[in-house]
Amino acid sequence: MTALLAVAIFVIAYALIASEKVNRAAAALGGAAVMAVAGIVDAHSAFFSEETGVDWNVIFLLLGMMIIVSILKQTGVFQAVAIWAAKRARGEPYRLMVMLLLVTGLVSPVLDNVTTVLLVAPVTILVCRRLGLPVAPYLIAEVLASNIGGAATLIGDPPNIIIGSRAGLSFNDFLIHMAPIIAVLLVVFALLCRLMFRSTFRHKPANATEVMELNEREAIKDPKMLVRCLIVLGAVIVGFCLHAVVHIEPSIVALLGAGVMILVSRTTPEQFLEEVEWPTLVFFMGLFVLVGGLVTTGVIERVGEFLIDAVGENYLLAATALLFGSVILGMFFDNIPYVATMVPIVAGLVATVPDPEQANALWWAFALGADLGGNGTAVAASANVVVLGIAARNGEPISFWDFTRYGLLTTAVTALLAWPYVWLRYFV
């Protein structure tokens, strides 16, 4: 009975989020509050439990990177990069999108995808406005590319960090097994964008001529401050890359980086808090508690156990179920709490596989499904929610359904291409 109540509360809250008739932060917090009143969650499970509570590592990673981006924005570096990108693309809309996708796809495996979109989104908004192009298609394409590209490495996507930790998979393991298919999927996605956003690729020669006359160096407001901030940002990136070696959480690295950047830039609280997306952070907190309610009542676990019983000893079927099952479930649940919940179930299944290579294949199928499923809906991955918040803040709102219709198509195409890779590499 409690499980049914938890599902009902989650479905209603999710429906309100999808309908956009209620602010998504209010809907998530409201649903979390109802779960608390109903006794499904309590203070410990909501705030302190690693399995069912708010993932504070994610919240503080976002906060730290938002502060870093806010300070960098004041140097004028985003305007300079926007002008540089527009000039290299010569104002041609599709060429510009491909260029931004390549930047996003190459940066995402090194940074996590949330950090990537925090850095790239402000640039995109500026360059699109300069060229008189619609902002939404470019932001949507970038966040989809960041979710795909981030799947290539251990540190590129938070679910990968969770999976790598539990499965004992190294940074190099992810490079060998995930990076090849991700490179292919990024190329396919760039071609898919030509089809999905074809109506928006309208070249405006007058705007392009105006942009070509701009000097990107003149956009830099404080070169010395920019150098100091870039040194700090470089140190933060190194800290992310060394996560598996030094065992310092990315959230701590981001907060330390934000603190040092505040010191070297000498900005005021009003300035460095300017770009912090408080509604986005609050939304994540509520969403974590909502999903935690489903975990507490055993709903997600039962789904996983059903999958294990269904596949038996057919390990190709198990890999297929993990890939497509994670894609489907990952579209409706934020993939971070989803992966954290499913990891013990997958570990139990992997332990029954006698062939070590096929056993690890289940982890790769699971990782691909969780990462690619993050593109399915507007709330399926942290980067999606962050970009929607940035877009709304800059007067370029993207609706739940506008994002989701492109996300669903992208997820379907990439997942269908990922399955033959798993099959041919590990089961033939």
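Is T267 buried or exposed? At 11% relative accessibility, T267 counts as buried. Keep in mind, as you look through these views, that the model is predicted.

**View 1. T267 and R266 sit side by side in a loop.**
T267 lies in the loop between α15 and α16. Leaving out residues up to four places away in sequence, T267 touches I71, Q74, M225, I262 and F272. R266 is also found in the loop between α15 (250–265) and α16 (269–272). Most residues other than glycine have a negative phi. Phi of R266, however, is near 60 degrees, a positive value in a residue that is not glycine.

**View 2. The rings of F174 and W364 form an aromatic pair.**
A pair of aromatic rings is described by the distance of the centres and the angle of the planes. Across the structure, the count comes to 10 aromatic pairs. For F174 and W364, the ring centres are 5.0 Å apart and the planes meet at 90 degrees, so this pair is edge-to-face. F174 belongs to helix α10 (residues 171–177) and W364 to helix α21 (residues 356–373), so the pair ties together parts that are 190 residues apart in sequence. Both F174 and W364 are buried.

**View 3. F197 and Y406 make a tilted pair.**
The ring centres of F197 and Y406 lie 4.6 Å apart, with the planes at 40 degrees, so the pair counts as tilted. F197 is in the loop between α11 (179–196) and α12 (205–212), while Y406 is in helix α23 (residues 400–426), so the pair ties together parts that are 209 residues apart in sequence. F197 is buried, with 1% relative accessibility. Y406 is buried as well, with a relative accessible area of 17%; the cut-off for buried is under 20%.

F283, F284 and F288 are linked into a cluster by ring pairs. Elsewhere, look for Y94 and R194: the charged end of R194 sits over the ring of Y94, 4.6 Å from the ring centre.

Side chains of opposite charge can pair when their charged atoms come close. How many salt bridges does the structure hold? There are 2 salt bridges. In one of them, the side chains of E396 and R129 meet at 3.5 Å, N to O. E396 lies in the loop between α22 (382–393) and α23, and R129 lies in helix α7 (residues 113–131), so the pair ties together parts that are 267 residues apart in sequence. E396 is partly exposed at 23% relative accessible area, and R129 is partly exposed at 43%.

**View 4. R405 and D402 meet within a helix.**
The side chains of R405 and D402 form a salt bridge of 3.8 Å, N to O. R405 and D402 are 3 residues apart in helix α23, so about one helical turn separates them. D402 is partly exposed, with a relative accessible area of 34%.

V238, L242, V245, V246, I248, I252 and L256 make a nonpolar surface patch of about 590 Å². Two helices, α14 (243–246) and α15, each supply at least two residues of the patch. V238 has its place in helix α13 (residues 223–241), and V238 is partly exposed at 46% relative accessibility.

R24 is in helix α2 (residues 24–37) and is partly exposed, with a relative accessible area of 24%. Although R24 and V385 are 361 residues apart along the chain, their C-alpha atoms are separated by 9.9 Å. Not counting residues up to four places away in sequence, R24 touches I17, T280, F283, V385, L388 and G389. Now find L287 in helix α17 (residues 278–296). L287 is buried at 4% relative accessibility. L287 and F10 are 277 residues apart in sequence, and the C-alpha to C-alpha distance is 9.2 Å.

Methods. Residues numbered from 1 in each chain as written. Predicted model: local features only at pLDDT ≥ 70, side-chain atom pairs only at ≥ 80, totals over all residues. Heavy atoms only, no water. Phe/Tyr/Trp six-rings, centres within 6.5 Å; stacked < 30°, edge-to-face > 60°. Helix = DSSP H or I, 4+ residues; strand = E, 2+ residues; numbered from the N terminus. Buried < 20%, exposed > 50% of the residue type's maximum accessible area, 1.4 Å probe, protein only. Lys NZ or Arg CZ within 6 Å of the ring centre and 35° of its normal. Patch = residues over 30% accessible without salt bridge, like charges linked within 9 Å, V, L, I, M, F, W, Y side chains within 5 Å. Areas by Shrake-Rupley, 256 points an atom, 1.4 Å probe, with all protein chains shown as cover. Salt bridge = Lys/Arg side-chain N within 4 Å of Asp/Glu carboxyl O. Contact = heavy atoms within 4.5 Å.
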